[in-house]
2 protein chains.
Amino acid sequence: VGCFARLRIYEENARFVLICIILIVYLAFGAALFHWLEWENEVDERKAIDTRMNEYRVDYCRGKPENECDFDEMVRFITDGATSGLLNSRSRFDMLGSLFFSATVISTIGFGTSTPRTQFGRFITIIYGVVGCTCCVLFFNLFLERLVTGMSYILRSLRERKIRYRLKESGNKPVTLLLNNEDFNESSSSCEGHMDNWRPSVYKVFFILFSMCLALITASAGVYSFIEDWVYVDSLYFCFISFATIGFGDYVSNQQDVTRMSPDLYRLVCVGVGCVVDEEIHYIEMNHCSRFVNFCLLTLGACFFYCLSNVSSIVVRQL
Amino acid sequence: VGCFARLRIYEENARFVLICIILIVYLAFGAALFHWLEWENEVDERKAIDTRMNEYRVDYCRGKPENECDFDEMVRFITDGATSGLLNSRSRFDMLGSLFFSATVISTIGFGTSTPRTQFGRFITIIYGVVGCTCCVLFFNLFLERLVTGMSYILRSLRERKIRYRLKESGNKPVTLLLNNEDFNESSSSCEGHMDNWRPSVYKVFFILFSMCLALITASAGVYSFIEDWVYVDSLYFCFISFATIGFGDYVSNQQDVTRMSPDLYRLVCVGVGCVVDEEIHYIEMNHCSRFVNFCLLTLGACFFYCLSNVSSIVVRQL
Ligand SMILES: [K+]
Ligand SMILES: [K+]
């Protein structure tokens, strides 16, 4: 037994080395791919930006002595303001903003539109994050379990119904077409004890989960392109970047002061949640509503994508 | 058995609801906490920025007709340049930059210092990310397994040595102090078959992992405060935000054209990797070296923090 266990350890080490090599190759492939996709555009954009910046510089420095023009300093100032989110008129650390910040920390999305600016705040962020990320990982893991359990339950009852239907159709004579005859031997026992051991294959779970994620991301992208007035592809990009908890921060939902949510969508959500809609629509309420939709979509998306990446990593491993 | 299984499902549903409630309370707590920590500073900073921006505006608009001053447009232009990283002189999508971008996608750190600007690039990012994130999750999971296996192996041999030592000390007469006498009954069998079933408790693993993470983050923060010239707390903040794959992007390592790595650290790394150091130090080589150190630290940190958050979520669950 000991020798066998040792052999298995060697095998698993080999598998680990293999995935390392695959990742390195995949990264090299990505380097070539994105260089090919983006480099030309970057050169063009850089040229355009340089030209424009020089125009601004000339404009700003007109009528000033050569070495007294603080254009570069101004650019640095504006850049810092943009990175910290302070140039955006929306408050970052009011109550709702802090809630948003906390959520970006513990979900590890980390958009970076609001970040702590004091050193004490940064230190507390570390401690808050350690505890929060742990809880959030636990939440994701429990969600994965609940989802798989729920799926198994539904698939099992579907299978049971199918077996019962075949039994009825064949007039209660033994059915040789079924793979496993034991499945319906104790069909009338209470608490469905006979099929408790049956579990759907990981491929089936993966396939269902993949379809659900695809449906979710397509629908969410539609909603965001409505609310935020983005092109559909950009909306799709935002959804993926957020759901996979990458969170670049180039596209972030709900950063405008006034939502561009359409009144129809607002009515739909309100009916869905079960609240009353007046004839005239208040913008504050619509802001709250769009925040609520945003929160639900991001949470749901992150949960489902976590499940998908875990289940598909199991599938890849079994290949 | 069926009824029992159903009871267990109810219990686990209750646990899931519990973690949801805990997370919501924790988020609300975070909202209050960060509002308290950061709000005052934000108000002050905003006031200072507004004053300064007005000065710049007056300066820029001097001698122009009232409604012809395009200051706001310029600010928007600079802001966009800052967010996209194009104002930074460092290329984003040259080969090494693309490699960095790919790594931020698949590790889900997503600093956001370089993001795709073309719509086709964004679409490809989605596909690249789906495959890459799956592989990366698999890598993290295998790393976790390898680490725990390695730890078990070391702890087991330590335990074996202890038992042998006690056996020797007690002059081969039966030791009643030991909890489990079966452990050393077959002490001389080949391939150590007798202790294969022994596993260290999850608390022990958690404690060791926690210490390792603490050591790693303290050391890395020291290295970064050397290389990047950051205050130690900021360096610690950067390490945590990166290792936990939050990746806000307010602090990002290796964004300067010339590294500020000290020659001593460079020599140390070179000796560690086993390459030769000339007497005179070339800056290009130092840049490569600091990139290499950066890559190693981030990979190691992300792996260890992934393990820590998973193991501690198991510990929390067992409470
Ligand atoms: K992340
Ligand atoms: K991020």
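View 1. Donors here are N, O and S atoms within 2.8 Å of the metal, or 3.2 Å for Na, K and Ca; water is not among the atoms, so sites may look incomplete. In chain A, Thr108(A) sits in the loop between helix H3 (95–106) and helix H4 (119–169), and Thr245(A) in the loop between helix H6 (232–243) and helix H7 (263–273), so the pair ties together parts that are 137 residues apart in sequence. Helices are DSSP runs of H or I, at least four residues, numbered from the N terminus. Thr108(A) is buried, at 14% relative accessible area, and Thr245(A) is buried too, at 12%. Buried means under 20% relative accessible area, exposed over 50%, and partly exposed in between (1.4 Å probe, protein chains only). Another potassium ion, ligand 2, is 5.6 Å from ligand 1.

**View 2. Helix H5 of chain A, end to end.** H5(A) runs over residues 202–227.

View 3. How many disulfides does the structure hold over all chains? The count is 0, where a disulfide is a pair of cysteine sulfur atoms within 2.5 Å. For Cys136(A), the nearest cysteine sulfur belongs to Cys133(A), 7.1 Å away. Cys136(A) is buried, at 6% relative accessible area. Over in chain B, Cys133(B) has the sulfur of Cys136(B) as its nearest, 7.1 Å away, and Cys133(B) is buried at 9%.

**View 4. A nonpolar patch on the surface.** Trp36(A), Phe120(B), Phe123(B) and Ile127(B) make up this patch, with about 470 Å² of accessible area together. Helix H4 of chain B (residues 119–169) gives the most, with 3 residues. Trp36(A) comes from helix H1 (residues 2–61) of chain A and counts as exposed, at 61% relative accessibility. Areas come from the Shrake-Rupley method with a 1.4 Å probe, and for residues only the protein chains shown count as cover.

**Notes for all views.** Residues are numbered from 1 along each chain as its sequence is written, while chains are lettered from A and ligands numbered from 1 in the order in which they are written. As this is a predicted model, local features need pLDDT of at least 70 and side-chain atom pairs count only at pLDDT 80 or more, while totals for chains, interfaces and linings use all residues; side-chain values use heavy atoms, with hydrogens and water left out.

Definitions and conventions. Helix = DSSP H or I, 4+ residues; strand = E, 2+ residues; numbered from the N terminus. Expected span 1.5 Å × (residues − 1). Patch = residues over 30% accessible without salt bridge, like charges linked within 9 Å, V, L, I, M, F, W, Y side chains within 5 Å. Salt bridge = Lys/Arg side-chain N within 4 Å of Asp/Glu carboxyl O.
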